[in-house]
Amino acid sequence: MEERVDFTRSSPPEQIINFSCEMGRQLLQNGAEIYRVEDSLQRLLAAYGYAKAEIFAIPFCIILTIQEGDHNYTKSVRIQTVANNLRRLNELNALCRDLCRETPPIGESWWRLKQILKEPVYPPVVGYCAHGMVASFFTLFWGGTWVDALLAFPCGLLVKLVVTAMRRAKINVFFTDMLACMVLALGPEILRSLGCPIQADRIIIGTIMLLVPGVAITNGMRDVLVGDFLTAMTRFAEVLIVSLSIAVGVAAAITVTRFFLGGLL
């Protein structure tokens, strides 16, 4: 039996700012653009009577200030991890629009937000299968054979395994992507060195597409178009770091393989 919730009509500025920061955090963590986060929070605060609000957001931080009379209330939140969950992002956007239109008590707003966050995510097996299938189809896209695509499937599973383990250990994205690229490139390179008739380069390129920061590139260009150059520079710095980690990881795997199995080439 669902527990009854006692909503109250009082909405002190502390409650409003706490809820707004959490809403912004969830939007950013699930893949929202910076301008969308700032605009959503601005509209949300205006709907609750705090039109004099300043919101500053970058990919890893949100600073929010509201004014009530002569008093200013400020809060900042740090965004630790970012993932792309488009279903949850769509539900959060819909909730934000509903709150701006209805302006329910802040207790009810918290309850509705928590209901969205309680919804189950995809089971791990779906994530692993998706990684394997994406690696296989990209291998075909880049000119690989069906045999190459079949070998790319376990490489995609290894990428998912490494990324999941490294995120649980809270390792930064550079070392995570570098280790994932080393692991995914070792298998095809070893098989090629042993004389197997495969196109190792197509398998590696197809699997690397799992780690290419395409969303960050797209959002960075969008930030440039809307004039948010600070966020754009942050996005492009992330792209450069991830690209460097991919290059280092693949180069290390190829170098190690050819050093130990060079006589079999």
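**Strands, cores and a buried glutamate**

Modeller: Start with a facing pair: I66 stands opposite Y73 in β3. This is a predicted model, where local features need pLDDT of at least 70, side-chain atom pairs count only at pLDDT 80 or more, and totals for chains, interfaces and linings use all residues. Residues are numbered from 1 along each chain as its sequence is written, and side-chain values use heavy atoms, with hydrogens and water left out.

Biologist: What makes β2 and β3 a pair?

Modeller: Two strands pair if DSSP finds at least two bridges between them. Eight bridges join β2 to β3 (residues 71–78), so they pair. They run antiparallel. Strands (E, at least two residues) and helices (H or I, at least four) are DSSP runs, numbered from the N terminus.

Biologist: What lies between β2 and β3?

Modeller: Two residues, in a hairpin. G69 in the turn has a positive phi of about 65°.

Biologist: How do you know that β1 pairs with β2?

Modeller: Six bridges join β1 to β2 (residues 61–68). The definition asks for at least two, so these strands pair. I55 stands opposite L64 in β2.

Biologist: Why is E189 called buried?

Modeller: Buried means under 20% relative accessible area; exposed means over 50%, and partly exposed is in between (1.4 Å probe, protein chains only). E189 has 4%, so E189 is buried. E189 lies in helix α7 (residues 173–193).

Biologist: Which residues are in contact with E189?

Modeller: Contact means heavy atoms within 4.5 Å. Leaving aside neighbours within four places in sequence, E189 is in contact with A200, I204, I254, T257 and R258.

Biologist: What is the largest nonpolar core?

Modeller: A nonpolar core is a set of buried Ala, Val, Leu, Ile, Met, Phe, Trp, Tyr and Cys residues joined through side-chain atoms within 4.5 Å. The largest one has 31 residues. M23, L45, I62 and L64 have the most contacts inside it. α1 gives the most to this core, with seven residues.

Biologist: How many residues are in α2, and how does its span compare with the one expected?

Modeller: α2 has 14 residues. The expected span is 1.5 Å times one less than the number of residues. That gives 20 Å, and α2 reaches 20 Å from its first C-alpha to its last, close to that value.

Biologist: Why do the buried residues of α2 line one face?

Modeller: They are I34, V37, S40, L41, L44 and L45. Seen down the axis of α2, they fall within an arc of 135°, so they line one face of the helix. The arc is that of the directions from the helix axis to the C-beta atoms.
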